[in-house]
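Please keep the sequence and the model in view while reading.

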Amino acid sequence: MTQLLRELYGINPAMLERDAAAMAAIGPQFDKIKAIRDENQLRMLRAFTQGRVAASHLAGSSGYGYGDAGRDKLEAVFAALVGAEAALLRHHFASGTHTLAVALFGLLRPGHTLLCASGTPYDTLHGVIGLKKAEGSLEDFGVRYRQLELEEDGGPNLAAIGKEAPGAQMLYLQRSRGYAARPALSLAQIEAAARAAKAANPDIIVMVDNCYGEFVEAAEPAARGADLMAGSLIKNPGGGIAPTGGYIAGKARLVEACAQRLTAPGVGSEIGCTPGDILRQLWLGLYFAPGVTAEAMKTAAYAAALFGALGCPVSPAPGGERGDIITAVTLGSAEKLRALCAAIQAHSPVDSHLSPEPWPMPGYDCEVIMAAGAFTGGSSIELSCDAPMRAPYTAYMQGGLNFAASRAAILAAAQACFG
Ligand SMILES: *Cc1c(COP(=O)(O)O)cnc(C)c1O
């Protein structure tokens with residue numbers, strides 16, 4: 001491997017030494033990642049066999065999609081897998097943001113209060129909530145918003161949740177760090193927040209933005225006190241194969257309310273066809289998801305070890321606990337940030353000849369640079385790197401379908417920055 005890294009990728013001897021040190025340091029993390037992967041994969045196979053998945057369930061449908069048995073089966077298997085009563089898992093969701101918006105608009109009504117207890121939500125949710133002016137936001141529809149900051153230790157403020165929950169209809173928790181300088185929430189923290197909210201208001205709906213969190217632990221929020229969770233299929237649960245889509249899973253009554261919003265009131269989950277080969281891709285991607293997420297976790301552990309040893313502030317810290325597949329690497333300069341993204345792009349399986357440029361991405365308040373040489377446009381379960389072009393020039397690296405290839409790309413990127 002070391003010889004090939006030198007011969008094929010031009011990695012210099014000093015960087016190869018750093019690679020060896022990083023590989024040695026992350027051994028214990030790899031063991032843990034592998035154990036979680038295997039547990040999730042065994043649960044996956046069990047969900048497929050107990051669900052009696054048949055070849056006919058991969059076939060798909062056209063038109064309205066009434067009685068699409070494969071679609072319904074996929075949703076039932078996913079629900080059983082994650083410990084939910086029901087799920088909507090569909091390619092009709094255009095993105096993670098769309099999926100979360102469907103859930104919020106599906107459940108909140110004028111005069112309701114949305115209580116977010118994980119600090120500032122992910123950038124693209126600002127327009128949905130109305131934190132930033134956007135036509136048709138929740139605020140436009142008279143939904144109020146309250147926000148609680150995370151505690152010093154990164155966990156939700158349980159006392160404040162207890163105080164605010166009686167005045168709110170939904171408690172919202174974002175599991176992943178997103179573009180914020182804070183650790184991901186653990187399942188234990190999510191469970192504690194849900195318990196605090198329910199103790200103060202048994203009717204409150206606990207909803208989790210589960211983007212980037214799927215299969216990182218051996219359970220999901222729906223099995224740990226969340227009433228509803230949602231995520232994107234071009235992140236962890238699509239296994240790098242789903243070409244688009246999202247999911248909402250949780251209490252059956254709530255999932256169906258979201259379906260009324262996804263399609264139309266009175267129609268709900270009954271319609272929505274799965275044309276072409278899409279359904280087979282969603283099945284296959286889901287089946288692969290625990291293994292692919294584990295490759296991304298290994299990549300994240302390696303990136304933290306390597307850039308940490310090079311003196312960059314990294315989060316999670318080398319060897320640290322992980323609740324998502326993201327590693328934040330603070331480079332301190334725009335030049336290094338560009339060099340990192342250029343090298344990641346140059347070592348991508350697709351579009352390696354392109355060079356990433358910062359652009360004003362919709363939903364973000366400054367320019368964003370993204371390296372994403374991916375089979376699926378914008379997929380961040382594939383090795384990718386996004387960074388808002390603002391001080392302290394922190395790159396958010398995530399994904400990696402295959403650790404060997406991701407290791408080469410990250411090592412080359414480290415060399416491009418620190419030669
Ligand atoms: C990716 C992400 C979203 C939004 O998903 P998009 O597919 O980019 O719209 C929301 N929340 C978190 C935490 C995310 O990581």
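The charged end of Lys 298 sits over the ring of Phe 30, at 5.5 Å from the ring centre, where a charge counts as over a ring if NZ of Lys or CZ of Arg is within 6 Å of the ring centre and within 35 degrees of the ring normal. The model is a predicted one, in which local features need pLDDT of at least 70 and side-chain atom pairs count only at pLDDT 80 or more, whereas totals for chains, interfaces and linings use all residues. Residues are numbered from 1 along each chain as its sequence is written, and side-chain values use heavy atoms, with hydrogens and water left out.

**Rings and charges**

- Lys 235 lies over the face of Tyr 212, at 4.1 Å from the ring centre.
- The count comes to 8 aromatic pairs, a pair being rings of Phe, Tyr and Trp (its six-membered ring) with centres within 6.5 Å, and with planes under 30 degrees apart counted as stacked, over 60 as edge-to-face and the rest as tilted.
- Tyr 302 and Phe 403 form an edge-to-face pair, with 5.7 Å from centre to centre and 80° between the planes.
- Because Tyr 302 lies in helix α10 (residues 278–309) and Phe 403 in helix α12 (residues 403–418), this pair ties together parts that are 101 residues apart in sequence; helices (H or I, at least four residues) and strands (E, at least two) are DSSP runs, numbered from the N terminus.
- Both Tyr 302 and Phe 403 are buried, with buried meaning under 20% relative accessible area, exposed over 50% and partly exposed in between (1.4 Å probe, protein chains only).
- Ring pairs link Phe 30, Tyr 302 and Phe 403 into a cluster.

**Helix packing**

- The axes of helix α11 (residues 334–346) and α12 come within 8 Å and cross at roughly 150°, the axes being lines fitted to C-alpha atoms, for helices over the stretch in contact, with angles from 0 to 180 degrees between N-to-C directions.
- That angle makes α11 roughly antiparallel to α12, since angles under 35 degrees count as roughly parallel, over 145 as roughly antiparallel, 65 to 115 as roughly perpendicular and the rest as oblique.
- The contact (heavy atoms within 4.5 Å) involves residues of α11 including Lys 336, Ala 339 and Leu 340, and residues of α12 including Ala 409, Ile 410 and Phe 418.
- The axes of helix α2 (residues 13–25) and α10 come within 9 Å and cross at roughly 130°, which makes α2 oblique to α10.
- On the α2 side this contact is made by Arg 18, Asp 19, Ala 22 and Met 23, and on the α10 side by Tyr 302, Ala 305, Leu 306 and Ala 309.

**Individual residues**

- Arg 90 is found in strand β1 (residues 86–90) and, at 2% relative accessibility, counts as buried.
- Leaving aside neighbours within four places in sequence, Arg 90 is in contact with residues including Arg 71, Glu 75, Leu 233 and Ser 269.
- Leu 187 lies in helix α8 (residues 187–200) and, at 2% relative accessibility, also counts as buried.
- Leaving aside neighbours within four places in sequence, Leu 187 has contacts that include Arg 175, Glu 217 and Pro 221, while the C-alpha atoms of Leu 187 and Asp 72, 115 residues apart in sequence, are 28 Å apart in space.
- Tyr 393 is found in the loop between β11 (384–388) and β12 (394–398), and its C-alpha atom is separated by 44 Å from that of Gly 268, 125 residues apart along the chain.
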